[in-house]
Each structure stands twice: as structure tokens, then as C-alpha cells.
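Subject: Structure for your review

Dear colleague,

I am handing over the structure we spoke about, and below it I have set out what was found in it. Please read the notes with the structure open beside them.

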Amino acid sequence: MGVCSSKIAEKEFSSVPVVKPGLKRGTTVMHTLGDSAQVADLGSKLVNQAEDMDREMDGSVPLLALVAHDNMKGMMKQFALVHKALLKDFRLTGTGTTCKMLSSIGLQPVGQTKSGPLGGDQEIGAMICREELQGIFFFRDPLSAHAHIADIEALMRLADCYQVYHCTNYRSAAAVLTVMHDRLKTAAHGGVRRSVALPEGVAGLKQLTEAQPASPQHQDFTEDPQAASAPEVAAVQA
């Protein structure tokens, strides 16, 4: 790109208004980050968003996506068979192959996506962005290369952005499913689902995180890098 074209593009982008919406449905804390102080507070914001999502889920039946690479489909079927009694209390979705497997063992999926290489991961990512999906059980093949690895990485990033449950192996999926099911039953009996346990005497995570000072690790990004003491610099160089 030439100098003139670069200046034109810079002018066009500079005229686009920057919108920083509050944390509302369909909005992640990533939208609110604009300076180093906000970046330093990212962890607290994500924790608060997780709590907000729990609150919005109360009274609804969570939707779970089951995904597996070809070499892991047997493991996914075994997982579904062993945990069938828990999975039946959730809404389930996945690729056409996965949904056919779920139906064959007596579970009723509510919809299906294309296969991962043909856009299925992106479809699931769109569900996350619309806050329709509360968990992903992705049985990944760790020993094979995947042509759509970029889609897989994008899906994982969205799971982190929107703070949805995301498991990539049998043991973590079993543990998370058990916790989700316990909280689902708690909500059914008039309780409130919570994915993050609160310390005694704390009414909410916002109260807890606002009371905590920024960690030294985060402060390093906002202070003058030249202010470090000589021993500290020597230690880093060593």
C-alpha cells in the first residue's frame, strides 16, 4: 500500500466512532477495554461477567454443544452413554453426525450444525456470541493435525470472551457436567445457580473484586518502566 493510500485508510478509520457499550446481553468485557488500567482489571470484569451469565441462566435450560474430532467420536459416544441420565436434563446440539449418535442412544438434540471443517465451529461460535450456548464439550484429537485449526482456536477464544463452560477431554467434561447438573437441580428447587463460589460474608463478586488492589503484575504495565530499581533490573538480566 502506498503512502497516499495509507493516509486515506487512516483517515477513514479515524472517523469511525468508538462505541464502548456497558455489559449487557451480547456484549463482552472485551468491548470495554481501551487503556492499560482497564486491561489490568480484565480478570475482575470477566469474573463479574460469569456471575451475570449465571443470573441470566436462572429459570432456563442450558444448551450444551458436543463436538468431537473423528478419532474421538468413540470417546464422545462413551461419554454420552455413561452420562445419559445427566445429559437428558439439558438441551443438546452438535454436528449432524453427533446428533445422529445422540438420537441413537435416546437423547433428543434440538438442532445441528455442519461439520467442523465446513463451518460447524463457526456456527457454535455464533451461538456463543448470541448467548444461546452455555457449555461446549469438545473432544479434541491431540495427536493429529487439523485443516480448520484456525476455526478451533477462534471457538476457544470466544468461549473465554463470553465465559462459557469449555472442556476438551473426558475427565474435565465429566466434572463440569456434574457441577452444571447439580446447579440445574438447585435452580429447579428455587435456588440460584452459581458457577463461582463466593467467600462467606460477600454478597457479590463485584464487591469482592473492587475491594482487591491491583496485583503487582498488572501494575507493572501502568508504571514507568524506568522506575525499576537496579537490583530488580539486574535480576531480570540474570
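Which residue of E3 does threonine 93 stand opposite? The residue is glycine 111, which lies in E3 across from threonine 93. Please keep in mind throughout that this is a predicted model.

The sheet

That pair belongs to an open sheet of 5 strands, which are arranged in the order E3-E2-E1-E4-E5 and pair in parallel. Strand E3 (111-113) and strand E5 (165-167) stand at the edges and have a single partner strand each, so one side of each is left without a neighbour in the sheet. From one strand to the next, the twist averages 20°.

Strand E1 covers residues 63-68, and because 6 of its 6 residues are buried, the strand is largely enclosed by the rest of the structure. In a regular strand, side chains alternate between the two faces of the sheet. Both faces of E1 are covered, with Leu63, Ala65 and Val67 buried on one side and Leu64, Leu66 and Ala68 buried on the other.

On one flank, E1 runs parallel to strand E2 (residues 91-95), to which it is joined by 4 bridges. Within that pairing, alanine 65 has threonine 93 as its bridge partner in E2, while leucine 66 is partnered by glycine 94. Strand E1 also pairs with strand E4 (residues 135-139), again in the parallel sense, over 5 bridges; here valine 67 stands opposite phenylalanine 138, and alanine 68 has phenylalanine 139 as its bridge partner.

Strand E2, for its part, has 4 of its 5 residues buried, so it too is largely enclosed by the rest of the structure. Its pairing with E3 is in the parallel sense and extends over 3 bridges.

Helices beside the sheet

Helix H8 (residues 149-161) lies across E4 and E5, and it runs at about 150° to E4. In helix H6, the residue I would point to is threonine 98. With a relative accessibility of 1%, threonine 98 counts as buried, because the cut-off for that class is under 20%. Leaving aside residues up to four places away in sequence, threonine 98 touches Leu66 and Met76.

The largest pocket

The largest pocket holds about 310 Å³ of space. It is lined by 19 residues, of which Ala68, His69, Asp70, Pro117 and His148 are the closest to its centre. At least two residues of this lining come from E1, and at least two come from helix H6 (96-104). By residue class, the lining of the largest pocket divides into 5 nonpolar, 10 polar and 4 charged residues.

With best regards

Methods. Residues numbered from 1 in each chain as written. Predicted model: local features only at pLDDT ≥ 70, side-chain atom pairs only at ≥ 80, totals over all residues. Heavy atoms only, no water. Buried < 20%, exposed > 50% of the residue type's maximum accessible area, 1.4 Å probe, protein only. Pairing = 2+ DSSP bridges. Axes fitted to C-alpha atoms, helices over the stretch in contact; angles between N-to-C directions. Contact = heavy atoms within 4.5 Å. 1 Å grid on protein atoms, 1.4 Å probe; cavity = no way out; pocket = protein on both sides within 12 Å on 5 of 7 lines; lining within 4 Å. Points joined across faces, edges and corners; volume = space filled by probe spheres on them. Nonpolar A, V, L, I, M, F, W, Y, C, P; charged D, E, K, R; others polar.
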